[in-house]
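Student: I have a new structure to look at, and I would like to understand the terms used for it. Could we go through them together?
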Amino acid sequence: MCGIVGYIGTKKAVPVLINGLLSLEYRGYDSAGIAVLNSSKSSDYELDIFRDKGRVKNLQDNKDLQKSDSTIGIAHTRWATHGIPSKENAHPHTNNDKNIAVVHNGIIENYDKLRTFLSNKGYTLYSETDTEVIPNLVDYYYKKNKDFSEAGLLKAVADTLNDLIGSYAIGVLSNNFPDQIIVAKKDSPLVVGKGDGENYIASDIPAVLSHTKNFYFMEDGELAVISKDNIDFYNTFLKKIKKDLKNIEWDSTQSEKNGYDDFMLKEIFEQPKAVLETIGTSFEKDKINLPLDDIKFSKFNKIYIVACGTAMHAGLATKYTFEKFAKIPMEVDVSSEFRYRDPLINEHTLCIFISQSGETADTIAALKLAKSKGSTTIAIVNVIGSSITRLADYVLYTHAGPEIAVASTKAYTCQTTLLNILALYIAENNLNNLDDKEVKELASLKKDILSLPQKIEDALKTADAVKDIAKNIYKKKDVFFIGRNTDYTVSLEASLKLKEISYIHSDAYAAGELKHGSIALMEDSVDVIGIVTNTKILPKTISNLEEVITRGANVYIITDQTIDNKAFKNIISIPKISYMLSPIVSVIPLQLLAYYVAKNKKLDVDKPRNLAKSVTVE
Ligand code: F6R
């Protein structure tokens, strides 16, 4: 989705902006642009805009842009929503007088009405975008208010925001005020990075992480005026407000490929460390230690886990641990469904929201809904300071480090690990619900959690075997994944991973459901991947796999069990662990499979078509 970077300081702005845009490429985009201020002969400043359809490389190759000595600028990568990908629709957009430039992430829902309003006032709109109304409205209010000072421009921006319905993170640059960038945000992320004699703006931390680790997180309705030595924050009524500066521990080298061909492969191999860091200090004492001391878990009679995509699959994978040990009925739902279905929530409901980015629009809306109904909310998030962390009652961080590849891998294993820890934490705080046998099982599961980093390390050794399988699978049109219980939940994740980066059609089925319809799809040359990690139900899944072989399918098995059956020729063995944790291990060869299949198809693994890393619009 769209990305924003901005710089004001003493360095040349263009390299900072271009590097920022390059590090946001992973978000997906179709055009890019930069606005800088160049001093003209008359000692005034000129607002110069460079923008084009296609890659950031077009900007890198632009000799005029490279010549610029400007020390201030705003930049953008656009992911088309209103209007096709084209030079005219690319940001920054300007007012008709071309002295106010705006970059914008989000969607202005009432743009049609605003375009008509501006046309009636004599403005011409040259693009098909919703964004172009913003610089023109700023211009309109700036002239209407007749205050041509710096404060006047800020007031004009605030007046403009009052007219906008929808979501936005904006950066505003004007050659009338060459020492400032104005920013504002609502329902779309924006951070201000603080430097020494220089400051930054960005839609995502990695864009400027190589320059600063100190960030202000803008809240909805806030504005800021940023100069090189100063940052002033304002609320909607233009009253100055104070904000806390947060230090981000991420290392900027974590946002680099470090010798790997792709971020996705690097992130797959980072999982032992990421999971180890996520387990972190929660196991320091005999009891699990989480910052949730003041929650009285006995008051809950229902848990909802709400998330999107892979994060939702992490929730599904841990339903078994929650129900077995926390002994509270749990439902896992997709955020976009939950938010519109009037779910049964009250003060006896615990709602857990999972998000890598912490910016997913549907998950944010679902969280707001749960809060409005009086439930207790816990967020499991990777990006420190992101919107969801500021909305939830309690926050638990996964310590995956920056996840750059669009396809989520290390976030999933960290989320699944942390959710298991949370389930056991709730169980330990409600121990009277457990009998002696269960208390022993709980202790054993805790040991298994501590063994996860090593088990993942061992599972990564399947890479060569998986590479071989990928050489067959990449030619296929359909691939199916089947399993039962936690193996089914990991089948869903494996299927999502494969389809999103290899574009091969794929589905996941609960193995026992095959007979109820989907087995009709089984025929010669169809590939079926079975996940088998639960001893108790092993014979059941094996018998389903035999049924699909009988119908001509090629079967591959990912298992931690001994399968002594000549019908199965392709077995990938993974380390054994409790079935409640097995998704964190069995997913490893499945992530690798998606990766190698996509590589065989020579696809851009890190930036799959039509997808964005952070889905900040509905
Ligand atoms: C798939 C993937 C997505 C995300 C989903 C939620 O590989 O990455 O399905 O899991 O968009 O994103 P977050 O976790 O940022 O809320």
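Tutor: Gladly! Keep in mind that this is a predicted model.

Student: What makes β16 and β18 a pair, and in which sense do they run?

Tutor: Pairing needs at least two bridges. Strand β16 (residues 302–307) and strand β18 (residues 349–355) have 5 bridges, in the parallel sense. The cut-off is at least two, so β16 and β18 count as paired.

Student: Where do these strands sit in the sheet?

Tutor: The open sheet has 5 strands in the order β17-β16-β18-β19-β20, and the pairing is parallel.

Student: Why are β17 and β20 said to stand at the edges?

Tutor: Because β17 (330–334) and β20 (394–397) each have a single partner strand, one side of each lacks a neighbour in the sheet. On average, neighbouring strands here are turned by 20° against each other, direction ignored.

Student: Which strands does helix α9 touch?

Tutor: Helix α9 (residues 309–326) packs on the sheet and touches β16, β17 and β18. Its direction makes about 175° with that of β17. Helix α13 (residues 410–429) lies across β16, β18, β19 and β20, at about 160° to β18.

Student: How do you know that the length of α16 agrees with what a helix should span?

Tutor: At 1.5 Å a residue, the 17 residues of α16 (residues 486–502) should span 24 Å, and the end C-alpha atoms are 24 Å apart, so the two agree.

Student: Why is α16 called largely enclosed?

Tutor: Buried means under 20% relative accessible area. In α16, 13 of the 17 residues are buried, so the rest of the structure largely encloses this helix.

Terms used: Residues numbered from 1 in each chain as written. Predicted model: local features only at pLDDT ≥ 70, side-chain atom pairs only at ≥ 80, totals over all residues. Heavy atoms only, no water. Helix = DSSP H or I, 4+ residues; strand = E, 2+ residues; numbered from the N terminus. Axes fitted to C-alpha atoms, helices over the stretch in contact; angles between N-to-C directions. Contact = heavy atoms within 4.5 Å. Expected span 1.5 Å × (residues − 1). Buried < 20%, exposed > 50% of the residue type's maximum accessible area, 1.4 Å probe, protein only.
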